Amino acid sequence: MRLILSAILAWLFATIPASAQNFDFPAGFKSQDIATNGATIHVRTGGKGPAVVLLHGYGETGDMWIPMAADLARDHFVIVPDLRGLGLSSKPAGGFDKKTQAGDLAGVLAELHVTRIDLVTHDIGNMVGFAFAAQHPDQVRAFALIDAPVPGIGPWEEILKNPLLWHFRFGGPDMERLVAGRERIYLDRFWNEFSADPAHFTEAARRHYAALYALPGAMHSGFAQFAAFDQDAIDNRAWLATGARLPMPILGVGGEKSFGSTMAEVMRAAAPNVQTAIVHGSGHWIMEENPVETTRIIRAFLESVQ
């Protein structure tokens with residue numbers, strides 16, 4: 001299956017101008033596929049030092065982190081997975097609840113012999129990271145979450161009322177048929193509506209990610225990520241009901257034109273030690289819209305944690 005997916009991806013990228021193919025991780029990074037927990041997770045690793053994991057969200061893949069990975073690899077061992085079902089990871093039939101995907105990350109870390117991490121997440125990556133931190137608090141030294149809610153945590157129900165989040169309930173076989181072969185049309189809506197300036201999400205990036213989301217099973221997996229939110233909310237509320245809280249320092253990061261300080265508000269419902277930061281001039285797509293400031297914010301936070 002991996003050979004088939006790689007062949008399809010190579011064919012898709014063959015139609016893209018060379019200028020759109022600048023999505024290589026820095027020299028010294030390596031890629032590998034780690035079989036764990038009923039999935040095969042595509043992972044890039046590079047650098048030396050304390051481990052930091054970067055988890056992506058919907059509409060992108062681990063490739064979104066390339067500028068930050070290049071910076072952090074100067075003094076960190078950087079681990080960048082593709083979430084199950086997305087990017088170059090396998091497309092299993094199920095397991096898209098975030099507790100299961102936290103198990104994917106646990107398996108990746110075990111394979112890499114990493115026992116303690118800093119965790120930096122965006123969008124759906126926030127939800128997977130939260131589940132991992134809740135299950136393995138002793139393994140997370142510091143946790144930065146960027147511009148997306150966490151199911152069942154804080155003002156989740158109020159956030160769901162935002163009409164821009166219509167896609168949380170958009171899924172199923174008919175919806176998959178509607179977007180089949182039209183992945184770019186569907187994804188453009190997200191890249192445009194969630195940007196401070198859609199021009200900052202470049203044509204090169206749009207073509208790159210649209211090709212990855214056109215891989216067999218990728219759109220189904222994306223819809224499944226959203227469909228699992230109800231279960232994720234149940235799981236997270238059950239965890240909160242035990243009186244547990246995340247003990248590590250937390251940074252809630254929001255785009256100025258997107259989540260803003262709400263990210264910290266969300267996390268204060270689940271953790272006592274929460275700081276906030278704003279990425280100026282950015283909407284949701286922080287690594288496309290303002291990668292320099294986003295990287296500076298994350299580096300400063302990680303360096304501040306003793």
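User: Which residue is the bridge partner of Ile 117 in strand 6?
Analyst: The partner of Ile 117 is Val 140. Please bear in mind that this is a predicted model.
User: How many bridges join strand 5 to strand 6, and do the two run parallel or antiparallel?
Analyst: Strand 5, residues 117–122, is joined to strand 6, residues 140–146, by six bridges, and the two run parallel.
User: What packs on the sheet there?
Analyst: Helix 13, residues 291–304, packs on the sheet and touches strand 3, strand 5, strand 6, strand 7 (250–255) and strand 8. The direction of helix 13 makes about 155° with that of strand 6.
User: And which strands does helix 3 lie across?
Analyst: Helix 3, residues 98–111, lies across strand 1, strand 2 (39–46), strand 3 (51–55), strand 4 (77–81) and strand 5. It runs at about 120° to strand 1.
User: In what order do the strands of the open sheet come?
Analyst: The sheet has eight strands in the order 1-2-4-3-5-6-7-8, with mixed pairing. Strand 1 (30–36) and strand 8 (274–279) each have a single partner strand, so one side of each has no neighbour in the sheet. From one strand to the next, the twist averages 20°.
User: Changing topic: how many salt bridges does a search of the whole structure find?
Analyst: The search finds 15. One of them pairs Arg 299 with Asp 71, with the closest N and O atoms 2.6 Å apart. Arg 299 belongs to helix 13 and Asp 71 to helix 2 (residues 66–72), and the two are 228 residues apart.
User: Are Arg 299 and Asp 71 buried or exposed?
Analyst: Both Arg 299 and Asp 71 are buried. They also belong to a network of salt bridges that links Asp 71, Arg 74, Asp 75, Arg 299 and Glu 303.
User: What does Lys 98 form a salt bridge with?
Analyst: Lys 98 forms one with Asp 232, the closest N and O atoms being 2.6 Å apart. Because Lys 98 lies in helix 3 and Asp 232 in helix 10 (residues 229–241), the pair ties together parts 134 residues apart in sequence. Lys 98 and Asp 232 are both buried.
User: And Arg 184 with Glu 203, what is the N to O distance?
Analyst: Their side chains meet in a salt bridge at 2.8 Å. Arg 184 is in helix 7 (residues 183–193) and Glu 203 in helix 8 (residues 203–213), 19 residues apart. Arg 184 is partly exposed, with a relative accessible area of 26%, and Glu 203 is partly exposed at 37%.

Definitions and conventions. Residues numbered from 1 in each chain as written. Predicted model: local features only at pLDDT ≥ 70, side-chain atom pairs only at ≥ 80, totals over all residues. Heavy atoms only, no water. Pairing = 2+ DSSP bridges. Helix = DSSP H or I, 4+ residues; strand = E, 2+ residues; numbered from the N terminus. Axes fitted to C-alpha atoms, helices over the stretch in contact; angles between N-to-C directions. Contact = heavy atoms within 4.5 Å. Salt bridge = Lys/Arg side-chain N within 4 Å of Asp/Glu carboxyl O. Buried < 20%, exposed > 50% of the residue type's maximum accessible area, 1.4 Å probe, protein only.
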